Each structure stands twice: as C-alpha cells, then as structure tokens.
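Welcome, and thank you for taking a look at this one with us. Please open the sequence and the 3D view side by side before reading on.

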Amino acid sequence: MTNSPIKHAPHLPPSTAATTDHQLRSPKSSRGLRKLQSAHQLSSNYAALNPPSLISQQRQQQQQRTISSSHTAQAPQIPPLPTFSSHHRTRSNSDAIVPNTASNATTSRKAAIPRKSTASQSPREELEGLVRQGPQGDLHADLARLRYLVLCEGLLADSDGMSQLRIYVWLILLNAPAIPTDTYLDLIRRGASPAYSKIRNDTFRTLATNPLFKRRVSEASLIRLLNAIAWKLHDAKIEKLGDPTKVNAANEMGSPELQHASPVVKHAQGPSTATATDGSEAGGTEPGIYVQGMNVLCAPFLYAARSEAEAFVAFHLFVTRECPGYVRGAMDGVHKGLALVDKCLAIIDPKLSAYLQSKHMKAELYAFASVLTMCACTPPLPEVLQLWDFLFAYGAHLNILCICAQLVIMRETLLTSSSPTKLLRAFPPLQAKLIIEIAASNLRKIPADVYEELVHHAE
C-alpha cells in the first residue's frame, strides 16, 4: 500500500479485477506490515476530524480484513466513523495548498466582532470601548454617550489622579487631529521664544506646593512646552499680520532677537500690538504669545498626558479654540468671565451675592486665578483633573458656574463672617463631584441670554 486511504478524496469505483487482486494480496514481509500499521496510526487523528467518504470507508474495511487474514499481527482498531450522504470536494494535487475554511471562517468572525452591546457590559467597560474602538455607528450619538459616561461614571483613576484613558478622552473631546511628534520637536529645536524669559520667571513657582505635580512633571518639561506654545502662537500672529518672513526665523542659536539680549520684542507697530513684559502682549484685540497664568493652566495637561507631545497638542487646541480670549494680551476673556461670575451668582443665590457686594467683594478680587486657570490653582490636583473631565465634556465655559458652586458650598461660612475677604483669599480644597452636581443643578436657573454670554465670553 503506497498511500493512506484517508488522504484520498472519492474516486470512481475501481474495476473488479483490481479489487480482487487487492483483496488477495497480503503483506510479504514484516516490514510491509509495519508500514501498513504506521499508515493506520498516522491517519487516525486526521480521520477523527475529517471523516472519509463511503468509498474510502469500504477500502478501510477491506484492508482490515486483509490484515486479519495474515495472523501475524493485529492492526490498531479505528472506531467506526459516521457516514455522510454528501461527499468531499476532490483534491487534485497533494502538494497544493488547501485553504483551511474552518480557520478562515474563525478569523473572519474575529475581525468582524463588533463592540459589545451596552446591555452586556458595565458603563466603565462601555466608556473604555468607546475610547479604544471609536464610534461604531452614529458619531454624534456615540460622542454624546461618551460625554454622558464621563459625567455619570467618571474616569477610573488611582489615588494620584492618574488615569490611562484621561488624556485620550480629552483629545477626543477637543477633536484633536493626529500631529507628528516631529512638529513638537521642531518647535523645541528653534530655541528660546520671544516670551522665554517671562516663561522662566513663572515656571519655577508652578504648583510649587503640590508634591504630586513636582514628582511627575519637571520644570524643564514645563519650560519646553510653554516655549513651544509661544512659538506656535507667535507664528500664528505673524501670519495674521501678513509678515510670513518672520515665521521660523530662529536658528540653532535660538530667536534672533534674543541673541542680542533683548527680551522685549515688538512684532508690529502701534500700541495695540506692543509687547508688555517678555512677550506678554498688552493689546486687547491682538493675540498674545504668553500671559502670566498660562503656566498653571498648562500644568494639568503635562500631569495627565503620557508624553510632552500629547500635552502640547491638547494645550494648544485648548487655548486657541476653547479660551483664546484668556491668552490675549489684555485677557479680555478673563475679565468677561469675572463679570459673569458676579452676574450668575446674583441669579443663583441673590442673598449671598448681595452680601458680598455689600462688602465690596467683586469677583475681580477673589476669582481672577480661578477663572484664568479653570480652577487648576485650587488643590488637590486629582480633583482638578476630575473637574476638567466635566469641563472638556460639556464646555470650558461652565467653569464660571463651577466657581459659583464653590461659593455656594461656602455660603454659610461667608454669610456669618464679618470679613469674607480673608476667607476668599484662597478657596477651600476642591470637591469635584459636589461642585459638578451643584453647577449642573444651577444651570437650569441661568436665562438663555446669560448662557449665550457664558458660551462666547472666552472667544
């Protein structure tokens, strides 16, 4: 016997003479018998998974009878196999690659497995699936679902506020495009920006008393990121003013203006565009490249991100899309926000507002840092990150209502104090969940026209 009967696909029935000759033939030596036994042993596993056709089964039975007639050895018994009415596809060449249809079907099914339905997974698993797999149907519906899950479930984080998903959720909610890391590195290679000395004056005191931030983020990272942002805003300003020759003007020694130890740079004529101190613009309508407080606003991005490039993308989009009015020279967006704190507090809690006004306590005196930094100036940092999740999901303009919520939390203490000024020099530690709950509840009290001001005040 030269071939295993199991490996053969069905053929036409053999002639009678050939069958008779095969039945009468017996092994001529023990070697031939061992070969026959080996063929049966090797084919047994294959046969269990791929049953032969009816003709092949008949041949097996004939061979078993032939072996029994020799009386020299017993072949291994193969258990009876079920018969099938349909035959297998003919295999024309044993060397041809036969596709494993079962394996291919399994592979295709694995590739087509959709995200689990919301009925079979927890909300946190659903949130993680939205972040990792992206939208599976309606983009707007999935984005609304992501916002809702961030609000109701929150992002899973450790005691230090670190979350594997947070920076990616922020980038999704900011609609951040994919930007090569070299874009950030090219800005770093340009050296010191026109605002470099101003940046250096601020970075060393950024969240200086916060051990979590100091342990994770170095001052060097903060300087690099703020300097890159300053270059990015500088290029955008020069392009807006119609002088593209000054874009990318730095060489390996840094900014040409700073090579001559001149920290104050003027990029346009007129008082509205003159720089104030080290690149911080004094104009009210022209975009600035750095204002005091941007270092604190930048800090949570570096803390939450897994790389400086990620923090750069998120921070740049935030200050140019969500709150460009906060980083203009005159910070007109911040002053509008302070006026809205007074206006919204008068709507939410008239008694508390009237009491503070009677003490000449306007928001400009106690809420400037909270408005400018989106409450990042108030510890603890993990609570800041949780509050920012809410602001990214539903809009940074809601920070005004979050500041009002902090005042409502302090209401009884403020009303019974003869000197609320001392109490408001520093807000008490953030309680993100409580602040979000109060802010969301008070949102119903805000008239439509005031809400429009909230939405557009930072533009």
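Predicted model: local features only at pLDDT ≥ 70, side-chain atom pairs only at ≥ 80, totals over all residues.

Of its 459 residues, 43% count as buried. Taking contacts in the chain between residues at least 6 apart in sequence, 74% join residues at least 24 apart.

Let us turn to a pair of helices. Two packed helices are described by the angle between their axes and the distance between the axes. For α8 and α13, the angle is about 90 degrees and the axes lie 9 Å apart. Because of that angle, α8 is roughly perpendicular to α13. On the α8 side the contact involves T181, Y184 and L187, and these meet E308, A309 and F312 of α13. By type, the residues of this contact divide into four nonpolar, one polar and one charged.

Here are the helices discussed in this report, with their residue ranges.

| Helix | Residues |
|---|---|
| α5 | 123-133 |
| α6 | 139-152 |
| α7 | 166-173 |
| α8 | 181-189 |
| α13 | 308-322 |

Next comes α5, where E126, L127, G129, L130 and V131 are buried. An α-helix has 3.6 residues a turn, so residues three or four places apart point the same way. Which helices are among those that cover the buried residues of α5? The cover includes α6 and α7.

The loop between α6 and α7 holds S163. Is S163 buried or exposed? With a relative accessible area of 11%, S163 is buried, because buried means under 20%. Leaving aside residues up to four places away in sequence, S163 touches L155, L156 and A157.

Finally, how many cavities of 30 Å³ or more does the structure hold? There is one, and the space in the largest cavity is about 60 Å³. Its lining is made up of Q406, I409, P428, P429, L430, Q431 and I435. Sorted by type, these lining residues comprise five nonpolar, two polar and no charged.

Conventions:
Residues numbered from 1 in each chain as written. Heavy atoms only, no water. 1 Å grid on protein atoms, 1.4 Å probe; cavity = no way out; pocket = protein on both sides within 12 Å on 5 of 7 lines; lining within 4 Å. Points joined across faces, edges and corners; volume = space filled by probe spheres on them. Nonpolar A, V, L, I, M, F, W, Y, C, P; charged D, E, K, R; others polar. Axes fitted to C-alpha atoms, helices over the stretch in contact; angles between N-to-C directions. Helix = DSSP H or I, 4+ residues; strand = E, 2+ residues; numbered from the N terminus. Parallel < 35°, antiparallel > 145°, perpendicular 65-115°, else oblique. Contact = heavy atoms within 4.5 Å. Buried < 20%, exposed > 50% of the residue type's maximum accessible area, 1.4 Å probe, protein only.
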